[in-house]
Amino acid sequence: MSGVFQRALQGDPLAVPPVWLMRQAGRYHAPYQRLRAQHGFEALCRTPELAAEVAMAPVLDFDFDAAILFSDLLFPLEALGFGLSYDTGPPQLDGPLTVDRLARFRPLDEAVPRLAFQRDALAATRERLSADKGLVGFVGGPWTLFVYAVEGTHLGTLERAKASLDLYRAFADRIVPLLVATIRLQLEGGADVVMIFDTAAGELAPEPFQRELVSDLCALARAFPRRLGYYAKGLRPAHIWGNAFTTAPWAGLSLDSEWNLAAALTVERMPGFVQGNFDPTLLLLTGAPLARAIQHYLDPLCRLDAEARRGWVCGLGHGVLPRTPESSVRTFVQTVRETFA
Ligand code: CP3
């Protein structure tokens with residue numbers, strides 16, 4: 001059975017949009033905290049039955065229209081040779097990317113099998129998911145992974161990464177084929193669509209974004225026509241308009257909260273689905289202030305008919321924040337459904 005998420009991907013006009021949220025499985029959610037109290041984060045990701053249980057918990061609890069792979073975007077760096085630890089809070093790599101280190105990366109045929117657990121996690125999730133729900137895979141974007149490899153974080157001014165564009169080119173030549181192989185594994189595992197989360201790419205101004213990243217991003221899109229979505233925090237029309245990015249065969253784009261979503265659906269005519277973009281900080285609210293914020297977000301979309309809303313996948317402008325009340329997530333999903341029913 002084709003559910004509302006799959007129909008939105010096909011571009012069917014829909015009265016009620018599908019809803020899923022980045023980081024819908026995570027620390028704000030009591031079932032995640034219970035499992036996390038018993039298992040380390042990596043064990044949750046690497047054990048397919050546990051990853052499936054984590055991914056299913058928010059779908060069962062809040063009736064999201066899609067489950068998302070429970071994993072992390074840094075595992076391809078581990079597959080290439082970095083030490084990676086989640087034991088002490090934020091992820092830690094065992095040192096920065098250098099020319100020497102890049103020369104010692106594992107070859108592709110040794111790196112790919114180290115990511116097979118993501119295929120198995122998706123297959124275990126698909127087994128538990130009812131046929132009318134979608135399944136989303138994800139990888140990090142090449143630039144975001146580069147930023148982590150060089151800086152050890154995606155936060156801050158990132159000048160070391162921005163000063164190392166020669167190293168980026170050499171890194172991209174190794175990471176892009178690995179991402180292609182990983183995406184193939186995730187599609188084999190049953191993902192309907194694979195998101196490229198390129199959180200740090202919007203930190204580049206439009207000119208370097210186009211000069212350095214667009215060819216790699218288009219290569220990914222062309223390897224899997226209509227199966228990949230793209231998200232970069234801070235992405236603006238100036239990054240993607242008038243260059244090869246918009247003509248690549250994307251399944252769609254996910255937009256942050258700074259975009260006018262109704263205009264993106266109608267005036268700007270994004271390629272494929274358009275996901276977004278309620279401000280995740282507003283999900284920290286409850287009661288009347290939350291209800292008002294959701295109504296303000298939905299009002300311009302209510303003024304469009306189902307035809308004009310074609311391709312809209314309702315979501316956040318970024319991920320669910322750890323302090324978000326579960327009741328706010330429930331209210332968000334219910335309000336979206338009731339508003340368009
Ligand atoms: O959306 C989902 O429900 C799937 C889960 C998911 C995780 N990470 C689980 C996770 C997704 C989609 C990601 C992507 C990810 N990972 C991104 C891109 C999205 C974004 O937020 O910008 C980034 C930058 C990372 C790297 C990463 N992993 C960071 C910065 C951290 C620590 C900070 C944080 O938010 O927790 C992680 C660890 C991580 N990834 C956790 C989870 C649930 C927390 C681990 C724990 O329980 O201790």
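Predicted model: local features only at pLDDT ≥ 70, side-chain atom pairs only at ≥ 80, totals over all residues.
Helices (H or I, at least four residues) and strands (E, at least two) are DSSP runs, numbered from the N terminus. Residues are numbered from 1 along each chain as its sequence is written, and side-chain values use heavy atoms, leaving out hydrogens and water.

**L255**
- L255 counts as buried because its relative accessibility is 1% (buried means under 20% relative accessible area, exposed over 50%, partly exposed in between, with a 1.4 Å probe and protein chains only).
- L255 sits 23 residues from A232 in sequence, with 7.5 Å between them in space, C-alpha to C-alpha.

**Helix 2**
- In helix 2 (residues 30–38), the buried residues are P31, Y32 and L35.
- Looking down the axis of helix 2, these residues fall within an arc of 100°, so they line one face of the helix (the arc is that of the directions from the helix axis to the C-beta atoms).
- R34 and A37 are exposed on the other side of helix 2.
- The buried residues of helix 2 pack against helix 3 (41–46), helix 4 (48–62) and helix 17 (326–340), where contact means heavy atoms within 4.5 Å.
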